[in-house]
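Here is a short briefing on one protein model. Look through the structure, then work down the points.

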Amino acid sequence: MTEPAPAVRAHAGGAPSPGEPPPPSYAGRTRYTQLEYDALLANLSLGIAFTRERRFFLCNARFARMLGYGTDELIGQPGELICASPQSYAALGEVAAPLIAQGRQLDVQWELRRKDGSTFLARMIARALDAANPQQGTIWTVEDITEQRRDADDVARLAREQEAILATASIGIVFIKDRRIVRCNRRYEEMYGYGPGELDGKPTAVLYTDISEHAKAGAVYEALARGEISRRVEPRRRKDESLFWSRSDGRAVDPQDPQQGSVWIVEDVTERRRAEDDLRRLVREQNAVLENAFLGIAFSQDGKVTRCNLHFQELLGYGAGHAVVVGDEPVHETLGRDEHHNVLREHARPDGSRVWCQFSVQPLQPGDPAQGSVWLFEDVTQAHEAEERVQRALGEQELILDNASVGIAFVRARTIQRCNRFLEEMVGAGPGELVGQSSAVLFASPADWEEAGRLAYSSTAPGETHDNEWLFKRRDGSSFRCRTRGRRIDVGEPDQEWIWSLEDVTAEHEARELLKSSRDALERAVAERTAELEQANARARHLADHDPLTGLPNRRLLEDRLTQALALSYRNRKQTAVMFVDLDRFKAINDSLGHAVGDLLLKEVAQRLVKQLRVGDTICRIGGDEFVVVLPEIKRSEDAAGVAQKVLDQLSQPVIAEERELIVTPSIGIAVFPDDGRDAETLIRNSDAAMYHAKELGRANYQFFTAEMNQAASRRLALEADLRRALGRDELRVYYQPIVHGRSGRIAAHEALVRWQHPERGLIAPAEFIHLAEETGMILKLGEWVLRQACRWATFIGVERGLPVSVNLSPRQFNDPRLVQTVAAALHETGLPARLLQLEITETTAMQHTDVTLATLNRLKELGVSIAIDDFGTGYSSLSYLKRFPVDKLKIDRSFTSELPGDPDQCAIVSAIIALAHALELQVIAEGVETQAQRAFLKSCGCDYMQGYLTGMPLDADRAAQDFV
């Protein structure tokens, strides 16, 4: 169609010029070769054309048909004829001429025009017939690629549409081949917490909770290869190790060729699954309520019982399918259509017995009675009969009130509920005028009313009486002296109830006062001076030898009396016992409830000791909560043991102080003259050592002194001195025990555990010295050191790992006012993020002083640390406080896990603790996991974390950090 212009134009008639090679023709070819050539041109699926000087001189039928011409119609025609426009033809010449002139091949896609004017896209390949002489002509191979181009456009459109779907879909879409992610949309990456493109090429194993689950999932691909669709609902793991529930629907891209991979549609169904779990839990709870409620519960529709519990059937005598009947007539469904009703009615059971029922009904769906109603029935037969008896008693009471010769009033919360007519006449009030008024209207002054309330209401127990006299006032303003006698009739409610009898004793009081004043005036002048002097001297002598709080002899008088008792025992060759009595945990009461309560407790203890001992025995308070009892001239040591047991029994009884019930127990040490000492100082010291031995054996017991106790006391003093030096000699070590995920077994955190590397005794476990540190106050310094060491170690292994470290707080640490500042300073100095520090307090510590505990925990949570309740199950937690406390985890004590799974009771307790924690949105750590059976049971219960020798031994700081640095 277009080629380089010839150097010499051809002669007229088309003869070639001299030296020009003849045009291609069939001359010189054999007939057989010519036939082959014709057949080739006729059967080619491509169009073939030959041009010279930009005109066609030969083409095959396929070329002519492609352009809508007959074969002969194109011979001699210029190449411009089949181009879309002259401009298109010129442009083609600019592209083709240079290439063909150089003997190179042209390969382009160009728009061509058919005879009917329509156009199509063609691929054209052209080259010179003779590369050495391009003017001999050009051969063109032409192919209609309109359909190919359309197919390519369709493919590109489909690809764009697919990309749009992937980019905008609200569900995850992923293409997987050879169990590796080929590509996925952004929603899928977000679902697993990965960045754009971060999942491409990764194995699908990174998405599974553990490798075994990934291995089992391989069977799915066999089903996909059979053309089946797979649906799976199972937990998956995000990049940050958190888990979620996903639903995945997958199929093979091409079931005929499974090697092409598979496509999966993935949806996060965590919330849906949680809703389903909540629904199942609500159903279980409803069934539990129905089966265990003390009320009869029934559901009805169209006036008939559709469902009820056993208590309902026992109460009314019928069950499901029966019309709702109470008494002798049906109870209409409309009773509960619009609002809640509460009805009292007598009901006759089918067996003839009768019962009083209090029942209520309300619609299941307000405004839609067709949905039915729920009924609650209560048997109030006994209460109804009791009410009838009360009404009879009230009638009898009215007769008494109307005929009494003294004023009578019923008072509740210091407000007059009822009174008789005699009292109204006494104060000049009309009938019923005093009812509902404060009892202050009876008193001559508000101050008297306040004082009367303080004396009567603060010190009178339920059932006891209180007598006094006060100045009352009448309505006309006059006053009179009234004797009041009241009995408290409530059972301990805050709003006290009293019955008061009131009598006007003005005349009697005036006569008594006149007589008393005359006698007093005579005696006062004589006795006043003498009494004052004697009282002063006696008090001075008493204070010198007695404890001012309890009135007991003090240490000074103790030594004197004990010396005398020892001398007497020596002469009579008898024994004398010295008992050293110390109150267990008195400091906790004194610190939490105040010194006033502590003083009341010490007075009560002193009184109980005095009541238990003989006339000749001596009881002394030598300081704090320590008492010494001297038992002179006993026949044998067993007599001292009997006295000690009586003291134990009496002092262990509850003490009421400021409306609080307090329970303290004593620890008692006993030393006996002459075996345990021959002088007062030695006996007191040895009885003190025996008392400490009693405390070591669990408190609330008594122990006799032995020689070994001296050695134990010496060892204790030596251990205390060594521990004080250990804090400054770098002898303490912190070990770290891993806490692992319950399902995957991966390390989730570490607990810091202190050890003492004693220079002579070697490594000492904390059980031997922590209690001593707590008693001596060294625990504050030791605990702060452990906290800082743990924070430094957690920072050293890398905060980017997100592995928290857990540190235990002793009771004294937790009650330290500087605790929050200490924790904040440790975090600041070590650079550890607060979220990576977990503080553990025991359940007993948490429940000692709940208000203080709550305030301290809230301040710690403000720092950002997490809180765990340690040794859960060994104390006495209140669920209401547990819900209020800002805690994150519960640690099940090893005493429960040690018997798993062999002990059914322990299994039930552990399952309940885990279920309770999860219901309160708390995570659970099981301590002391040492066997695979224990681990399997805890995992089946949904335990979040585990800790024990099975999952990891405590290691020193260097060995514990080896896997992370």
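Which residue of β2 is the bridge partner of Phe50? It is Leu58. Keep in mind that this model is predicted.

**The sheet**
- Five strands, in the order β2-β1-β5-β4-β3, make up an open sheet.
- Their pairing is antiparallel.
- In general, strands of a sheet pair through backbone hydrogen bonds.
- At the edges sit β2 (55-59) and β3 (106-113), and each of them pairs on one side only.
- From one strand to the next, the twist averages 35°.
- Strand β1 (residues 47-52) runs antiparallel to β2, and 4 bridges join the two.

**A helix across the sheet**
- Helix α3 (residues 86-101) lies across β3, β4 (119-128) and β5 (138-144).
- The helix α3 runs at about 160° to β3.

**A pair of helices**
- Helix α15 (residues 586-593) and helix α16 (residues 595-612) have axes that come within 6 Å.
- These axes cross at roughly 140°, so α15 and α16 are oblique to each other.
- On the α15 side, Phe586, Ile589, Asn590 and Leu593 make the contact.
- On the α16 side, the contact is made by His595, Val597, Gly598, Leu601 and Leu602.
- By class, the contact of α15 with α16 has 6 nonpolar residues, 3 polar ones and no charged ones.

**Cysteines**
- The count of disulfides is 0.
- Is Cys83 buried or exposed? Cys83 is buried, because its relative accessible area is 0%.
- Cys419 also counts as buried, at 15% relative accessibility; the cut-off for buried is under 20%.

Technical notes
Residues numbered from 1 in each chain as written. Predicted model: local features only at pLDDT ≥ 70, side-chain atom pairs only at ≥ 80, totals over all residues. Heavy atoms only, no water. Disulfide = S-S within 2.5 Å. Buried < 20%, exposed > 50% of the residue type's maximum accessible area, 1.4 Å probe, protein only. Axes fitted to C-alpha atoms, helices over the stretch in contact; angles between N-to-C directions. Parallel < 35°, antiparallel > 145°, perpendicular 65-115°, else oblique. Contact = heavy atoms within 4.5 Å. Nonpolar A, V, L, I, M, F, W, Y, C, P; charged D, E, K, R; others polar. Pairing = 2+ DSSP bridges.
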